[in-house]
Amino acid sequence: MSKCLCRMITFVNYHVPSTLLKGVNKPSYVTMGFFDGMLTEVVPLDYGRTDLKPLWKQSIRVSGQSKGAYSCQNTFCFSQDDWSSSASDSDFWDVLTDKQYPLCFIVYFQIRNYAEGANGVADQCRRFNWALRKAMDEAELAGEYYTYATIDKNDVVVCIKSSQYKKTVGVIKKLHDGDAQIVYSYTVLSVNRDILGSISQDTTPELFCEIIDSICLKGIANSCRCQGRYLRLDDKYKDFCEKLIDRLGNPKDYRIYDILGESDFRLIARDVQFGRILNVLADGELLSCDNSYYKFCLYISELLLNTEAASTGMDPGVDIRGWNDSFEIQTQAELCRKLAERMEQMNRKLAGIDAPDADEKAVTFSSAIRQLDYSLCALEAAPTKKYDFYSIYEPLETLVSILEDKLAESEDVGEYMLIYDFIHKISMTFHGTLRTDIQFFQIRDFNVIVHYAPAKLRAFYSLWTTKAAYFFERAGGQREGSHKFVVAPGMFGRTSVKELFPESEKTKSLMLITIPERNLYIPKWMVIVLTHEVSHFVGGNLRRREEREGYVFSILARIMELEVKELAKEELMDGFPESGKYLVHNELRVSRRLN
């Protein structure tokens, strides 16, 4: 069996190309669309010695290399070479493969039901590899492929290398349309930077024979004066688009549109040679961020390739194996709706908060509760995984229950700062859950501080605390489900736990566990730490410290007694003649039985 490997795939967004790119190493791949570049490398892992700590160190290292010029989105991908029927991981990412198949497609898939069982992940990757091989054979598409599983929200990452754009798009669509288990996918097209500069009619004629139905370039004009030159914003992007059309071979059908909103302009051009599109993305070329005219005209741009939506030839009767979570989705939506109603009623009890003399703390508190209410909409509408949903919903429901009880006693909820801390950490969990979701993948992050918690790791720790609390409650004679925990990873110095309203008599208790981000990657140690922290708050009779102290002293005394007797045996036997050693040994054995 081949060894499990971890490959880190990082997508890059440039921040301010005109000033910050000098002296910064560029990613090895140029990408089209939302992202500007991609880099990838194997992360050496020795789980028995270092757990997953190298993943965290690699994130910190890659972030530091950016020097503020770009932000990064990392994905940690796991696989084994014997899961794939194509090339090995090292061969797939070798530059020789890039030369043979210059187009690299990175496809993220989200699956309805998470792979279960000892070999669930391996079988899932093998199934995708088999489907890829079949689809590529049917499309007569030459190329290589490799499939990974992730610890992020995305379940499967499929990487394909080929030299035919449209056929590869058809293969990806066939994968997506042919399996009802797939929720949706997100694809990034990239080309090796070194290969990109050598693409020409002579070296790769097949790329110039392929015609893209239409392209769309949209962007924001640069308002800065560069090198003493000055043009109005409209003139800048119109002049740039005209030059780009010329570099693309002057396609006959094109239009330049003004936009009010996310961008300043949109250029649409039809029937463009694919090879020419790749040429203008190469280093120093017109759509490269280091091109002087690009920096003069544009602050940022995004190039999209459009192909006609065509039938993939799939049987209309789509296979619905595994489509058994519709009831679960309806249940989650109903839970969210009912909780949102309770939160709205809670705000109504804070009557008068809009009055001129209203307590500012109460106003802020009410606003925070309302924002959490709005956040539930994302959970209600999105196809959230079960493990993600309940790791957020259950502590939030407990928070609402405790606050309802407090407001029933008095409209003054008291410890606002502590409540804000809980609300803030739950909001962080919301954000972290959605951040790695494909639907929220395209979020520009200008924060150079790393706040990255792999979705499946965070969910695992939440589930672990829930299970540990359940066992402690049963053993301690407490009501099951009465203790909930918010697990919040981030920039913290150490793992700590605090309880909301610890002095109150209540049917439910809510605890906040803050975990340093670096500790997320030490699961073998963290499960012990989390179990210890849970035991501080859950267990009833198990938490009688005086009794536990007595047990510890009794155990220590017994161990000391046995050690002394063992030592005494050796001393006595050394002083006895051979004929008397049996008597001493026999008497010590009887003594042990009596004690």
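User: Which residues make the nonpolar surface patch around Phe553, and how much area is it?

Analyst: The patch covers about 490 Å² and is made by Val552, Phe553, Ile555, Leu556 and Ile559. Patches are built from residues with over 30% relative accessible area and no salt bridge, with like charges joined within 9 Å and nonpolar side chains (Val, Leu, Ile, Met, Phe, Trp, Tyr) within 5 Å; a salt bridge is a side-chain nitrogen of Lys or Arg within 4 Å of a carboxyl oxygen of Asp or Glu. Areas come from the Shrake-Rupley method with a 1.4 Å probe, and for residues only the protein chains shown count as cover.

User: What should I keep in mind about the model itself?

Analyst: This is a predicted model, in which local features need pLDDT of at least 70 and side-chain atom pairs count only at pLDDT 80 or more, while totals for chains, interfaces and linings use all residues. Residues are numbered from 1 along each chain as its sequence is written, and side-chain values use heavy atoms, with hydrogens and water left out.

User: Where does Phe553 sit, and is it buried or exposed?

Analyst: Phenylalanine 553 is in helix H19, residues 545–575 (helices, H or I of at least four residues, and strands, E of at least two, are DSSP runs numbered from the N terminus). Its relative accessible area is 54%, so phenylalanine 553 counts as exposed, given that exposed means over 50%, buried under 20% and partly exposed in between, with a 1.4 Å probe and protein chains only.

User: And the chain overall, how many helices and strands, and what share is buried?

Analyst: The chain has 20 helices and 15 strands, and buried residues make up 50% of its 595 residues. Among its contacts (heavy atoms within 4.5 Å) with a separation of 6 or more, 77% join residues 24 or more positions apart.

User: Which residues touch the most others in the largest nonpolar core?

Analyst: They are Phe274 and Ile277, in a core of 92 residues, where a core is a set of buried Ala, Val, Leu, Ile, Met, Phe, Trp, Tyr and Cys residues joined through side-chain atoms within 4.5 Å. Leaving aside residues up to four places away in sequence, isoleucine 277 touches Met32, Ile212, Ile215, Leu248, Val272, Leu303 and Leu305. Apart from that core lies another, of 30 residues, including Phe365, Ile369, Leu407 and Phe422.

User: Switching topic, what does H3 pack against?

Analyst: The buried residues of H3 are Pro54, Leu55, Gln58, Ser59, Val62 and Ser63, and they pack against strand S1 (5–14), strand S3 (37–42), helix H2 (47–50) and strand S4 (70–79). H3 has 13 residues (53–65) and reaches 19 Å from its first C-alpha to its last, close to the 18 Å expected at 1.5 Å a residue; the expected span is 1.5 Å times one less than the number of residues. Lysine 67, with a positive phi near 55 degrees, follows H3.

User: What touches Val24, then?

Analyst: Beyond residues up to four places away in sequence, valine 24 touches Gln65, Ser66, Lys67, Ala69 and Tyr70. Valine 24 lies in the loop between helix H1 (17–20) and strand S2 (29–31), and is buried at 10% relative accessibility. Its C-alpha is 6.7 Å from that of serine 66, although the two are 42 residues apart along the chain.

User: Which partners does Arg342 have?

Analyst: Arginine 342 meets glutamate 397 in a salt bridge of 2.9 Å, N to O. That pair links helix H13 (residues 326–349), which holds arginine 342, with helix H15 (residues 386–409), which holds glutamate 397, 55 residues apart. Arginine 342 also forms a salt bridge with glutamate 404, again at 2.9 Å, N to O, and glutamate 404 lies in helix H15, 62 residues from arginine 342. Arginine 342 is partly exposed at 23%, glutamate 397 is buried at 14%, and glutamate 404 is partly exposed at 22%.
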